[in-house]
Amino acid sequence: MMTTKEFEPMPARHKAALRFWAEGGANILHEDACLPALVIKETALDGNIRWMQRFADAMGVSLAPHGKTTMTPAIFQRQLAAGAWGLGVATAFQAQTAMEAGAENVIIANQLLGRANMKLVASLLRPGRPSIYCCVDSLDNARQLSEFFAARRQWISVLLEMGAPGGRCGCRTEQQAYALAEHIAKLPGLMLAGVAFYEGVIHGDDERVDIAAIQALIQRAVTVCGTLQRNGDFAGAPEVLLTGAGSVWFDIVSRQLRDASLSGVRHVIRPGCYVTQDHGIYQQAYAALQRREPQAARQNGGLAPALELCALVQSLPEPGLAVVGFGKRDVAFDAGLPQPFAQYRQGRRVDFAPGALRTRALMDQHALLDRGPGLDLRIGDLLVFGSSHPCLSFDKWKCVFLVDEEYRVREEWETVF
């Protein structure tokens, strides 16, 4: 393959560093980057961002995409530019990254603990800076926050979190929530600003049972929010939030919050994985969503997988086996193994029959694939893989590439983990 530029000899900054620049730009298919490499298809990414924003607008809810999925500021900026109200995060450091990317509203959808984390958030609360919210579900945590922020003559906006039995954090009953809200009202440095929940911890083998449990959790959150609002517990808060929703049940959350008709309350959903989707659990979840939610089915376009892993065939040591140069250090494997769907040789597509090549095991740096008889596969061929659960692919990379449909590199994006 012809190249017009070779990068000056210098240390690579990350494991997929660009080394060549072909005429017209770098191209992953031409091995211009060290492989394996994680790439994002620009068309699918932008389509996903627009689709979710249109959905939120149509349902009358605000969108705060969960940034911990990608921790990629360039993606945050595209989501915000498309109309996102803010960003959701999980940690104090992630909140800082979201603000640096331009978010005017940041929801730490988690408890804020530890004086170093609190100090970091405190530094972000300077006058004129964006709004930051964190969750509380216990009096001990509320007292710790109060002591820290009151000593600095600061206020932190807190969201009373409701949780599901057997799930993660959150008050399990309305009575617990009301008692905690009463204590928060007496603590300096805290401003109760709404109610939060996360329904994604509810999942079983029967979708109807799951949906019933999810709707019950949402209703508890709605009831608590409405009661606290009527009682004046949100007095002083510039805005009251009622927020939930991950990447699977955001349609159910949006519809139930809208139908609750709590006036003077901003309803905020926080899906994250939609931005790149995947080739596994979230693609399956999207198909189910389209069947149950008319608004999703009516929308133009749709959510499409945008995240792909490109890697080279490394060895063909015995019949029926192919070894590819990537492994657990490079891609998610907690929700199904990454599977190949495209093959290239010297930049040109080579077709293979569905099922003729399948990943059966991952090691740290190697993938073991079963290959069918007669499959035209050679050492150095490039395979493109789709994976499941994008969160645990992004966090394995310092850099990802935005590419077009021909795998030409459009931009090189830093991740911040």
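Strands β16 and β17 form a hairpin, with four residues between them, in what is a predicted model. The two strands, β16 covering residues 357-362 and β17 covering residues 367-371, pair in the antiparallel sense over five bridges. Within this pairing, T359 stands opposite L369 of β17.

Two packed helices are described by the angle between their axes and by the distance between the axes. For α3 and α4 that angle is about 20°, and the axes lie 9 Å apart. Because angles under 35 degrees count as roughly parallel, α3 and α4 are roughly parallel to each other. The crossing in which α3 passes α4 is left-handed. The residues through which the helices meet are set out below.

| Helix | Residue range | Residues in the contact |
|---|---|---|
| α3 | residues 92-100 | A92, F93, A95, Q96 and M99 |
| α4 | residues 115-124 | N117, L120, V121 and L124 |

By class, the contact of α3 with α4 has seven nonpolar and two polar residues, and no charged residues.

Turning to a single side chain, is F55 buried or exposed? F55, which is found in helix α1 (residues 42-59), has a relative accessible area of 0%, and because buried means under 20%, F55 is buried. Leaving aside residues up to four places away in sequence, F55 touches F250, D251, S254, E293, Q295, A296 and Q299. The C-alpha atom of F55 is separated by 29 Å from that of F385, a residue 330 residues apart from F55 along the chain.

Notes
Residues are numbered from 1 along each chain as its sequence is written. This is a predicted model: local features need pLDDT of at least 70, side-chain atom pairs count only at pLDDT 80 or more; totals for chains, interfaces and linings use all residues. Side-chain values use heavy atoms; hydrogens and water are left out. Axes are lines fitted to C-alpha atoms, for helices over the stretch in contact, and angles run from 0 to 180 degrees between N-to-C directions. Angles under 35 degrees count as roughly parallel, over 145 as roughly antiparallel, 65 to 115 as roughly perpendicular and the rest as oblique. A crossing is left-handed if the near helix is turned anticlockwise from the far one by less than a right angle, and right-handed if clockwise. Contact means heavy atoms within 4.5 Å. Ala, Val, Leu, Ile, Met, Phe, Trp, Tyr, Cys and Pro count as nonpolar, Asp, Glu, Lys and Arg as charged, and the others, Gly among them, as polar. Buried means under 20% relative accessible area, exposed over 50%, partly exposed in between (1.4 Å probe, protein chains only). Two strands pair if DSSP finds at least two bridges between them.
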